[in-house]
Amino acid sequence: MSVHEQFAEDLALYALGALQGEERVSLEKHLDGCASCHRELEQLRGDMALMALSTAGPVPPRRARQRLIEAVAREPRRSATPATRGWWTLVPWVAAAALAAGLVALGLQNSDLQRRIAGLQDQSAQQLGELQRAREVVSTLTATDAMRVTLVAAKTPPQPQGKAIYVRDRSSLIFLASNLQPLPPQKAYELWLIPTSGAPIPAGVFKPDAHGSATVINPPLPAGVQAKAFAITVEPESGSSAPTLPIVMFGAGE
Amino acid sequence: MAIRSGDENGMAALYDRYSAVVYSVALRVLGDTGAAADVLQEVFMQLWRNPGLFDSSRGSLGPWLAVIARHRAIDGLRKRRPETDIADVVVSVEPDMAGDAERARAMEKVRGTLGSMPSAQRQALEMAYFEGLSHSEISEKTGEPLGTIKTRIRSGLLALRKAFAT
């Protein structure tokens, strides 16, 4: 037998669940890297199974079978398919759960940590609420069945309009347009961020819907660019790296 | 294995095959038919909820169930939380304990082996196995040195193995 002799007796106790304290910790550490002791542990459990046979004889009451079958019928296997919701709505909860689990595992259940967990859970709930509200805003803005109404001075024919909302620190941009003219085939509108210095920066390619409405939400943008204006041109569907004149819409920041 | 596909009939078939082993070991540990039936239910429900716990490539189901049942019964007896993560338990032994005849033959052999052990050795093994006592608790009860108890427990288990190796 290739099992390490110094662990042989402890392994038998370990298989029986009778090894405690330091001896258990040091054996488990050894087991982690020792294949032969692992095999011996499996063998010892086999020996334990044989030991169970010495009890053979009694049979379970008849109702036990019915009880199990009823319980199985009541508890269909859960599907492995996760619920369909955006993973990001789970982020605060996963973070809170992971932290809480980590704390429990470390056995650090003092009141200070519990207060921190409670604080984190409150924070997570708050973040989830904020995410929920943000989702609602975005889904309203981008819904295909949304009613979009542009209010202008009375008796003025509808004009193409665009509204860009830009937060420089977050490089976050939302653009909403209405009453846009239909495009020629293979063409698209492109939004441009005109910085205070330097060339126009592409800020999203889009096509209006049948009602002339369009939205651009958070296109990829370089960080922290100071914008002085936004412009729209007509470009090939794949977009361009520099605007093709003429500029069809333009607006400067206030 | 039928149970992996969520087949309730498969579960009933497994129950018919292995419930006697699970129940009898739990009953011997707990000494109470109701408590033994609870362990029986718990062990099979665990298998139903998570059939992946048992790795059929690394052993037979019968011995695995017997070992899990004994662990759960001891946990119940000693009023402690489950100490063994059953996902980690791999049991390497034949026979599979599936058939009545096979089980009866194996039972005779195990009882014969236990009967031929010196009584102090059998007692130490049974105290550890059926009462869930640690070697120091057994040492206290019997007045034997710790090292002696450790040796008896291990050589008792090895004697069972040897009986089936021939």
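Here are legends for a few close-up views of this predicted model.

The model is predicted, with local features needing pLDDT of at least 70 and side-chain atom pairs counting only at pLDDT 80 or more, while totals for chains, interfaces and linings use all residues. Residues are numbered from 1 along each chain as its sequence is written, and chains are lettered from A in the order in which they are written.

View 1. Chain A has six helices and seven strands (DSSP runs: H or I of at least four residues for helices, E of at least two for strands, numbered from the N terminus).

**View 2. The largest nonpolar core, with 71 residues.** Such a core is a set of buried Ala, Val, Leu, Ile, Met, Phe, Trp, Tyr and Cys residues joined through C-beta atoms within 7 Å; buried means 20 or more other C-beta atoms within 10 Å of a residue's own, with C-beta atoms placed from the backbone. B:Val22 and B:Ala26 have the most contacts inside this core, and helix H1 (residues 8-30) of chain B gives the most to it, 13 residues. Another core, of 18 residues, lies apart and includes A:Phe175 and A:Tyr189.

**View 3. Helix H3 (residues 35-53) of chain A against helix H7 (residues 146-165) of chain B.** Their axes, lines fitted to C-alpha atoms over the stretch in contact, come within 9 Å and cross at roughly 80 degrees. H3(A) and H7(B) are therefore roughly perpendicular (65 to 115 degrees).

Terms used
Buried ≥ 20, exposed ≤ 12 C-beta atoms within 10 Å, placed from the backbone. Axes fitted to C-alpha atoms, helices over the stretch in contact; angles between N-to-C directions. Parallel < 35°, antiparallel > 145°, perpendicular 65-115°, else oblique.
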